[in-house]
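Try each one yourself, then read the solution.

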Amino acid sequence: MCGIVGYVGNKKAVDVLLEGLTSLEYRGYDSSGIAVNIDGKVQLFKAAGKLQNLKNIVEKNYAEISKSTIGIGHIRWATHGAPTVENAHPHSCNCGKVAVVHNGIIENFKELRERLEKNGCTFRSQTDTETIAHLVATKFGEVHNLTEAVRLATKEIEGAYAICVIHQDLPDTIVATRRNAPLVVGLGEGENYVASDVPALIQYTKKAMYLEDNQIVTLTPNSIELIDIDNNPLKQKVETLPWEPVALSKMGYKHFMLKEIHEQPDVVRNVLSGKLRASDEKVLLKEVTLDKEKLRNLNRIQIVACGTSLHAAMVGKYLIEEFCGIPVDVEPSSEYIYRKTITDKNTLVIGVSQSGETADTITAVRQAKSKGSHILIITNRPDSTMAREADSLVPVNAGIEVSVAATKSYIAQLISFYLIAIYMAEVKNSMDLKELADLKHELIILPQKIEKILAHTEDIQRCARKFSGSKDFIFIARGINFPTALEGALKLKEISYINATGYTAGELKHGPIAMLDESMPVLSILMKGKVYDKILSNSEEAKARNARMIALTDSEDEKLKELFENIIEIPEISEILSPALAVVPLQLLAYYIAEFLGKDVDQPRNLAKSVTVE
Ligand code: F6R
C-alpha cells in the first residue's frame with residue numbers, strides 16, 4: 001500500500017531514500033516525502049503526486065539535504081486524508097523533533113487524536129499517522145529514550161502498521177516496528193537499512209532480517225537491537241535475500257508490464273522445474289504437507305483471494321473439481337471475512353496472493369486457521385506475512401513483479417494450480433492416467449506456445465489500435481475460460497480505464513445483451529472443446545445485435561471470418577490447459593490499448609501493488 005525506507009550509515013541518506021522509494025513506487029504513488037537530519041535539525045521535504053515531484057524539490061536543495069547520513073522516506077497510497085502535501089509523510093510532532101513514516105491504518109486514531117489535542121498537540125494533517133508522531137514525542141518527553149517511547153506508543157495504538165521513527169537528538173538512530181504490515185531490515189557494514197519490501201534493499205545488501213509483529217528494532221550504523229513489545233531482547237534471524245538487482249530493471253522494454261508479459265515462458269518453466277519432470281512421472285509437490293490420508297478424505301476445499309489471484313483461484317476450482325471430485329468454493333477474501341463461514345479441520349483452505357500482504361486474504365486465512373483448517377498458501381512472496389500463516393507453502397517463483405497490473409504472477413498461480421490439482425488426483429487416484437500424461441506433456445511444452453504468441457503480436461497490436469477508442473468492452477467465455485474473460489476485462493480496465501466486463505457467454509442473453517450496439521466490442525474466447533459451439537452461437541447472438549466481434553481462438557475454421565471482424569489466433573491447445581495460453585494475448589491487448597492511449601501503464605491511477613488495508 002505505502003512504501004517505507006530508512007537509512008543510517010555513512011552514505012548520503014537522500015540518495016538511498018530516493019532510490020529506495022523509486023523501487024517501492026509500485027506500492028503507492030500519490031505523494032511522497034523524506035525526513036533527514038541536517039546540522040542537528042530534523043527537516044521534512046514532501047510533495048503531492050508522483051515521486052518525481054519530490055525528486056525535483058530535493059534537486060533544488062540537494063547541497064543541504066545531502067549532508068544528512070540518516071533519513072526516513074515514504075511513498076503514499078492515501079487512506080486517511082487526500083493525497084496532499086500536508087497529508088504526505090513523514091509527519092512530525094509540534095516541536096518538530098520527531099519524524100514518523102507509517103504504512104497501515106491506526107484504527108483508534110480518533111480517540112488518540114482527541115486525547116493528544118486536549119493535551120495541547122496541534123494537528124496539521126487529516127492523517128492517522130500524525131497521532132503516532134505526537135504520541136512518540138509525548139512518550140519521549142517522559143522516558144528520554146526513543147526505543148522506549150516507540151514501545152510505549154505502540155501499546156496504545158490499535159490497527160495495522162509498519163512505522164519508522166527518527167528523533168532530532170539522536171542523529172544516528174532509527175527505531176522501527178510493525179504489526180500486520182511488512183518491514184524488513186537490511187544489514188550493511190557501518191550502515192543499516194529498513195524498508196517495507198526487499199526491492200528497496202537489494203542494490204545495497206543481500207543480508208536481511210524480517211521483522212515479526214510487535215517486534216521493535218533500533219538501528220544505528222554499527223548496531224541492530226531487537227526487542228519485543230514487553231521489552232525482552234530477541235535473537236536476530238538473518239537471511240540471505242534471493243534476488244539480484246537486475247530483477248528491477250526493464251531490460252530494454254518500455255514498461256515493466258511488457259517485460260513481465262515476455263518473461264512468462266520462463267516463469268512457466270520455473271514453476272514446473274523440479275515438480276514436473278516428465279509426462280510419465282508423478283508430480284513432486286513436497287510443499288504440500290497435508291497428510292496423504294487426510295488429503296484423500298478431504299470433503300471440501302475453500303479458496304480465498306482477491307483481484308487477479310481470485311481469477312486464478314476460479315480456474316483452480318475448475319481443475320480440482322474436475323480432477324479430484326472434491327467440491328471447491330472460491331470467494332473474494334473481502335467477502336469471506338464478514339460472514340459465517342463454515343470451515344473446520346476437514347476443510348483445506350487455500351489462500352492465493354501475489355504479494356502475500358493483501359490484508360483481506362491474510363484475515364480470511366487467519367480466520368480459517370483459527371477453526372483448525374489446513375492452510376495452503378500460493379504466493380510469489382515466500383517471505384510475506386501470509387506465507388508465515390501457511391501449513392503448506394507453495395511459492396510460485398515468478399520473480400519480482402513490479403508492474404501494478406499482475407501478469408506473470410497470474411500465469412505462475414495458474415500453473416501452480418495445475419500442479420496441485422494433478423498432485424491431488426495422483427494421491428486420490430481419481431483421474432485417468434493417459435489423460436494425466438497428456439496434460440503433463442502439454443504443460444511441459446506450454447512455454448513454446450507462449451513464445452509463439454509473443455513473437456507475433458502484430459494482430460493484437462492492430463486490434464488494440466482499432467478498438468482503443470471504445471468506451472466499453474465485453475469479454476465472453478464459458479467454462480474454464482470464464483475466469484480468463486474476467487481477467488482480460490480486469491487488465492483492460494486497470495490500465496486503460498475502459499469500462500470492461502467479463503460475462504459467461506450464456507448469461508449475455510439474460511440482460512447484458514441489451515447494451516449491445518455497433519459501438520460495443522465483444523471479444524469471444526473461443527477455444528476448441530466442449531463449449532466451442534455454444535460460445536459460437538452466443539457470438540452469433542451478439543453479432544445479430546450489431547456488436548463489433550473479436551475472436552480469440554485456436555480454431556482455424558474459415559467460417560469464423562464471416563462472424564468476426566478481428567481474429568486473434570493462438571496455437572492449438574487442450575481446452576483444460578487453455579486458460580494458461582489464452583490470457584497472454586489479453587494481457588497484450590490491454591497493454592497495447594493503454595500504451596496507445598498514452599496511459600501510465602506500470603502505475604495506473606488509484607491503484608497500488610499490494611493492498612494492505614481491508
Ligand atoms: C490486478 C491486480 C490486483 C491484485 C489484487 C490481489 O492486476 O494486481 O487485482 O491481483 O490486489 O493482490 P495479491 O495477489 O497480491 O493478493
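**Exercise 1.** Find how many salt bridges cross the interface of domain 1 and domain 2.

*Solution.* Start with the rule: a salt bridge is a side-chain nitrogen of Lys or Arg within 4 Å of a carboxyl oxygen of Asp or Glu. Across the interface of domain 1 and domain 2, that rule picks out two salt bridges. Next, look at arginine 381 and aspartate 197: they form a salt bridge, with their closest N and O atoms 2.5 Å apart.

Before going on, a note on the ground rules: this is a predicted model, where local features need pLDDT of at least 70, side-chain atom pairs count only at pLDDT 80 or more, and totals for chains, interfaces and linings use all residues. Residues are numbered from 1 along each chain as its sequence is written, and side-chain values use heavy atoms, with hydrogens and water left out.

**Exercise 2.** Work out where domain 1 and domain 2 lie in the chain and how much area they bury between them.

*Solution.* First, the bounds, which come from an automatic or database domain assignment: domain 1 is 3-248, domain 2 is 256-452 and domain 3 is 458-596. Second, the contact (heavy atoms within 4.5 Å) takes 16 residues from domain 1 and eleven residues from domain 2. Third, the buried area, meaning the accessible area (1.4 Å probe) that two parts lose on being put together, summed over both, is about 1,200 Å², with 52% of it on carbon and sulfur atoms. Finally, the centres of domain 1 and domain 2, taken over C-alpha atoms, are 35 Å apart.

**Exercise 3.** Explain why the largest cavity lies between domain 1 and domain 2.

*Solution.* As for its space, that's about 200 Å³, where a volume is the space filled by probe spheres set on the points, and grid points are joined across faces, edges and corners.

**Exercise 4.** List some residues that line the second largest cavity, and give its volume.

*Solution.* Among the lining residues of the second largest cavity are His80, His89 and His102, along with Trp77 and Asp128. The space inside the second largest cavity is about 60 Å³.

Terms used: 1 Å grid on protein atoms, 1.4 Å probe; cavity = no way out; pocket = protein on both sides within 12 Å on 5 of 7 lines; lining within 4 Å.
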